[in-house]
Amino acid sequence: MWPLRLAWALAALGIAAGTDPSAPPPDKASIFADLTPAELRAVRDFLMGRPELGLSPSRGGSLAQNTLFLVELLPPKKRLALRHLDKGGPAPRRQARAVVFFGGQAEPNITEFAVGPLPRPSSYRPLRFKGRRTVPFAARPMTQLEYELLHRALVQATEPLYRLLRDATGFWYHNCTDRCLTFSDIAPRGLAPGERRSWFMLQRFVEGYFLHPVGLEILIDHRDPNPHRWAVQSVWYNGQYFSSPQELAERYEQGQVAVARLADHASQLLFSTYVPRGRFTTGTPTDVHGAKVCEPQGRRYRLRGNRLEYGGWSLAFRLRSSSGLQLFDLRFNEERVAYEVSVQEAIAFYGGDTPAAMQTKYIDAGWGMGSVTYELAPGIDCPEVATYLDAHHFYDTDSPVRFARAVCIFELPTGVPLRRHFNSNFQGGYQFYAGLEGHALVLRTTSTVYNYDYIWDFLLYPNGVMEAKVHATGFIHATFYTPQGRRYGSRVQSHVLGNMHTHLVHYKVDLDIAGTGNSFETVDLSFENISNPWSPDARVVQPWLHRQPRRSERQAAFPLGQALPRYLLFSNPRQHNRWGHARSYRIQHSSHAGRVLPRGWREERGISWGRYHLAVTRHHENEAVSSSLYTQNDPWEPLVNFESFIRDDESIEDQDLVAWVTVGFLHIPHAEDIPNTATPGNAVGFFLRPFNFFDEDPSVASLSPVIVRPLDQTFSRLEVQRWTPDTPGPCVAPGPFTYNGTYWPE
């Protein structure tokens with residue numbers, strides 16, 4: 001049963017459905033489209049056929065062999081894309097990014113290649129990272145093969161502990177059939193570069209096993225490609241450390257171990273399930289469906305391949321296996337606002353009393369955050385009327401794997417007017433009422449990274465506003481309760497501690513505000529004390545706008561722990577609106593982010609982007625991402641060092657600028673996180689808002705407002721002015737709920 005929980009390890013994507021699934025993507029959006037299954041197979045076959053690479057299938061075999069780990073789109077260089085998008089130049093050559101684990105060499109390493117041209121590749125070349133061509137082998141992400149070998153190592157390690165585990169928990173690990181233990185593994189895997197030793201936390205394998213630690217944690221050194229050389233280095237049980245499983249077993253037999261005896265889970269309703277229990281005191285019904293989203297007169301958005309259009313908005317999108325959703329060529333009324341907006345990284349750094357808890361510093365791109373995009377449930381994850389898209393990933397696999405309904409798109413009534421006004425006559429009546437329905441188009445996927453589920457949204461509003469948002473839900477990362485553990489969280493069950501942790505999420509926002517030559521300034525309030533011009537003997541204290549141009553990258557890096565200026569404006573100094581203002585867009589944070597470690601401390605070096613609420617840099621092709629697949633297992637000497645992006649302190653006046661946005665929150669788990677962390681209050685993100693970019697609110701182009709004017713002083717006759725049908729009509733009930741949930745190689 002243990003392979004069931006390892007099935008997360010897959011990835012690389014092709015959008016496969018839409019409002020017109022047969023329609024090919026427009027040429028200018030297709031340069032950003034994810035690789036199709038046929039393209040993924042073509043890259044695999046080409047590389048497997050190169051004798052100098054010596055590649056073997058990834059399934060089975062040995063860690064000491066060369067394998068193809070990941071294949072996904074390699075986006076074109078920006079200058080080539082813009083030449084094609086804006087000047088009618090040729091489409092950039094379509095290429096793949098391929099990650100190869102060279103484990104069958106005297107000095108194993110990881111090398112990335114550009115492979116092309118697609119759809120029929122004929123050449124490949126190594127990719128470089130600021131002068132580095134290869135990555136240390138110990139930094140590689142985990143694979144299903146390595147987990148299978150670690151399972152065998154745990155079987156051997158826990159065999160001497162059979163009696164202890166059976167007596168204390170009613171479950172065991174080796175030679176089990178139905179009352180089995182499983183594990184969660186902890187990262188980073190060691191304390192220094194080159195190490196690969198992981199703590200494994202044993203849990204009862206029941207529904208919601210993340211909340212069922214049994215008090216046993218085992219440290220295994222698995223750096224050597226030969227698993228026969230792996231070794232247990234330490235054991236922790238219920239507050240005590242032991243040098244080996246044998247020592248713990250012997251001490252148990254001698255009665256020298258404080259045993260934590262767990263209640264039989266079958267004797268009560270399992271607290272970690274979604275099965276309803278308890279009751280609401282009002283008696284209002286919950287056994288019938290609540291409010292639903294409907295499209296009574298059809299969809300108001302258009303999807304052709306990977307090109308999405310809605311109102312004034314148009315964009316291309318993809319779902320990259322390595323890190324998730326990525327938007328390109330984001331335009332409003334044909335004017336580009338951003339070249340790229342994308343998810344870069346998500347982390348959760350913990351504290352605790354057990355070794356697993358104090359070591360847990362999850363850096364989720366290292367777990368294939370973009371590849372664990374499992375099926376979305378209609379009516380729950382997205383409305384029934386949403387458009388659902390399939391994804392194809394090539395991540396730790398030998399064939400593309402289809403993830404059904406991995407992405408959804410839907411129009412959402414926000415429940416609040418986009419704007420409204422009641423113009424009172426202050427005598428019991430009014431001159432007019434006017435309101436505009438509030439709607440947004442939502443592009444959504446999810447990432448289930450072990451216990452946590454991230455819900456990733458991009459929302460497009462009719463007034464030129466875009467919102468990036470992530471909700472955190474799923475199971476908390478819980479460890480075994482000890483009395484000392486309450487310093488680090490909350491006791492949520494008799495033997496379960498919910499460990500405190502900080503979530504940080506990083507986004508890349510490559511802004512092109514009315515062109516690629518942009519500048520950045522902050523605006524905040526200052527106060528002036530002046531003589532009152534209409535009463536000279538009095539003084540007036542009033543606010544004024546303090547504008548501060550940020551001329552270099554260091555001036556535009558805002559550390560966590562310090563207040564952000566309230567307006568963060570990106571402008572084109574040569575483009576002005578009708579009223580003489582530089583055309584601008586504003587980044588507005590919705591976040592409670594805080595530091596996760598002191599600056600420069602060991603693992604913090606790998607997430608140096610997490611030092612800043614916002615950093616603004618000049619665009620460079622060799623600064624395309626802020627993190628990597630390898631940071632999780634080598635945060636000490638990271639392949640991508642974000643701090644180097646701003647170290648040279650380049651000028652950012654009238655340049656092609658990239659904003660790097662960090663959002664997050666502190667989560668102290670509590671009893672209400674059982675069984676799962678709920679989404680309300682656990683969402684963070686940011687807005688892109690126009691600021692003098694237009695001459696007026698562009699949503700006035702919408703035909704959805706309602707205006708009511710009285711025709712007489714008694715208000716008995718009204719003029720209702722609207723441009724949509726008088727009634728929306730009925731919502732058509734969809735068919736019964738269906739869900740498959742499988743993802744298979746094709």
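The chain is assigned three parts: domain 1 (30-127), domain 2 (144-254) and domain 3 (306-314 + 323-368 + 415-516 + 549-701), with bounds that come from an automatic or database domain assignment. The model is predicted, and local features need pLDDT of at least 70, side-chain atom pairs count only at pLDDT 80 or more, and totals for chains, interfaces and linings use all residues. Residues are numbered from 1 along each chain as its sequence is written, and side-chain values use heavy atoms, with hydrogens and water left out.

Consider the pairing of domain 1 with domain 3. Their centres, taken over C-alpha atoms, are separated by 29 Å. In contact (heavy atoms within 4.5 Å) are 17 residues of domain 1 and 15 residues of domain 3. About 1200 Å² is buried between the two domains, and carbon and sulfur atoms give 59% of that area; buried area here is the accessible area (1.4 Å probe) that two parts lose on being put together, summed over both.

Between domain 1 and domain 3 there are 5 salt bridges, each defined as a side-chain nitrogen of Lys or Arg within 4 Å of a carboxyl oxygen of Asp or Glu. On the side of domain 1 that touches domain 3, α3 (78-87), β3 (95-102) and β4 each supply at least two residues; helices (H or I, at least four residues) and strands (E, at least two) are DSSP runs, numbered from the N terminus. The most is given by α3, with 6 residues. That side divides into 10 nonpolar, 1 polar and 6 charged residues, where Ala, Val, Leu, Ile, Met, Phe, Trp, Tyr, Cys and Pro count as nonpolar, Asp, Glu, Lys and Arg as charged, and the others, Gly among them, as polar.

Lysine 78 also forms a salt bridge with aspartate 656, at 2.8 Å from N to O. Because lysine 78 lies in helix α3 and aspartate 656 in the loop between α8 (643-647) and β35, this pair ties together parts that are 578 residues apart in sequence. Both lysine 78 and aspartate 656 are buried, a class that means under 20% relative accessible area, with exposed over 50% and partly exposed in between (1.4 Å probe, protein chains only).

Glutamate 52 and arginine 50 form one of them, with their closest N and O atoms 3.1 Å apart. Glutamate 52 is partly exposed at 46% relative accessible area, and arginine 50 is partly exposed at 31%. Glutamate 195 and arginine 197 meet at 2.9 Å, N to O; glutamate 195 is partly exposed at 22%, as is arginine 197 at 23%. A network of salt bridges links Asp86, Arg307, Asp329, Arg331 and Arg336.

Although not a glycine, aspartate 329 has a positive phi of about 50°. Arginine 602, also not a glycine, has a positive phi of about 25°. Arginine 602 sits in the loop between β33 (582-590) and β34 (612-618) and is partly exposed at 39% relative accessibility.

Finally, there are cis peptide bonds to describe. The bond from leucine 118 to proline 119 is cis, with omega near 20°, and proline 119 lies in the loop between β4 (109-116) and β5 (123-126). Isoleucine 674 and proline 675 are likewise joined by a cis peptide bond, with omega about 5°; proline 675 is in the loop between β35 (657-667) and β36 (683-691).
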